[in-house]
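Please read the points with the sequence and the model side by side.

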There are 6 protein chains.
Amino acid sequence: MPNVVIDFLEGRTIEQKREMAKRVTDAIVETLNCKPEAVQIIMHEVSKDQIANGGVLRCDKD
Amino acid sequence: MPNVVIDFLEGRTIEQKREMAKRVTDAIVETLNCKPEAVQIIMHEVSKDQIANGGVLRCDKD
Amino acid sequence: MPNVVIDFLEGRTIEQKREMAKRVTDAIVETLNCKPEAVQIIMHEVSKDQIANGGVLRCDKD
Amino acid sequence: MPNVVIDFLEGRTIEQKREMAKRVTDAIVETLNCKPEAVQIIMHEVSKDQIANGGVLRCDKD
Amino acid sequence: MPNVVIDFLEGRTIEQKREMAKRVTDAIVETLNCKPEAVQIIMHEVSKDQIANGGVLRCDKD
Amino acid sequence: MPNVVIDFLEGRTIEQKREMAKRVTDAIVETLNCKPEAVQIIMHEVSKDQIANGGVLRCDKD
């Protein structure tokens, strides 16, 4: 705790995920004033037919 | 916001997901009085060995 | 299952929540082809300083 | 309800998941004083590049 | 990780929550073969008008 | 999408939450290469008797 669950579109590289985990952890540590090892990040990578905004699937918007 | 996360058993067609996203968004817009584009739906499709009710895996109930 | 978690801004009436639960359940039953009693809806009502879009708290946008 | 979402590292056997579902359900039934069939467990199995602690991906710690 | 999010009806005592956390952690440690300190449990206590099964709010079923 | 749900201990100031939302959004935009307005952050603020690590409630560790 803090526990962070991030849902985002699949297709990012492991390097992007590595960098995102580092930067998000730093942001939380420096603003919520907690230790880095307290911050856990869980990533759910979803596909375009598993996301909808405004009632329309993402895959139908491209 | 509103943000909707729906966990359901894998195996539905994209047409079912398309229709579900539309109908759930309409239901939320018309009852919670918000704009369609404000509603986000994220779908987690899980398998029968990842769901348990009453302590029994779904795959053990079929 | 299907399990639905909806995060939305606090302040809706119980009547709105009652109607939303009914309409969302019907939408899921009729599109994902499952029984009404299988559908569970969990509501998280959050305040304007607990939501951010585009890096800005909702309470700072009003 | 109670609804349990467990995120854990992929790679466990179905036997482990079967046993975990049973034991967690029993633990909740006996402590929160509810019926077994009321307890739902949803499992999200994630990979080592989808988890980070202390800003470091799990796959970079091995 | 494993990360456990449990949504349940408000009104349980702190003693019940204490006992549940201990028993659920033991169940996960002994079945998923991980260390106790790796297991995190987050509890969301919701009210009867925030839960619906079969399209009906829990508060309307009592 | 990306959608971020952060559970953390209650008690932070609105200024901390404002700054955290800004910094986390920037971190995600710059690493996952998406637009700021696409990033949604939902905060769940929990109390010490709603969190457990290693089977022990946080309120029992202080």
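**Notes on the interface between chain F and chain A**

1. Between chain F and chain A, 9 residue pairs are in polar contact, both residues of each pair being at pLDDT 80 or more; please keep in mind throughout that this is a predicted model.

2. On the side of chain F that touches chain A, strand 1 (3–9) and helix 1 (14–32) of chain F each supply at least two residues. Helix 1 of chain F gives the most to this side, with 11 residues, and by class the side of chain F that touches chain A has 15 nonpolar, 4 polar and 7 charged residues.

3. As to extent, 26 residues of chain F are in contact with 26 residues of chain A, and the two chains bury about 2,200 Å² between them, with 63% of that area on carbon and sulfur atoms. Of the area that chain F buries against chain A, 30% is supplied by M1(F), T31(F) and L32(F), which is more than any other three residues give.

4. The count of salt bridges between chain F and chain A is 2. A salt bridge joins the side chains of E30(F) and R23(A), with a distance of 2.8 Å from N to O.

How values were computed:
Residues are numbered from 1 along each chain as its sequence is written. Chains are lettered from A and ligands numbered from 1 in the order in which they are written. This is a predicted model: local features need pLDDT of at least 70, side-chain atom pairs count only at pLDDT 80 or more; totals for chains, interfaces and linings use all residues. Side-chain values use heavy atoms; hydrogens and water are left out. Contact means heavy atoms within 4.5 Å. Buried area is the accessible area (1.4 Å probe) that two parts lose on being put together, summed over both. A salt bridge is a side-chain nitrogen of Lys or Arg within 4 Å of a carboxyl oxygen of Asp or Glu. A polar contact is a pair of N or O atoms within 3.5 Å; within protein, one must be able to donate a hydrogen and the other to accept it, and residues adjacent in sequence count only if both atoms are side-chain atoms. Helices (H or I, at least four residues) and strands (E, at least two) are DSSP runs, numbered from the N terminus. Ala, Val, Leu, Ile, Met, Phe, Trp, Tyr, Cys and Pro count as nonpolar, Asp, Glu, Lys and Arg as charged, and the others, Gly among them, as polar.
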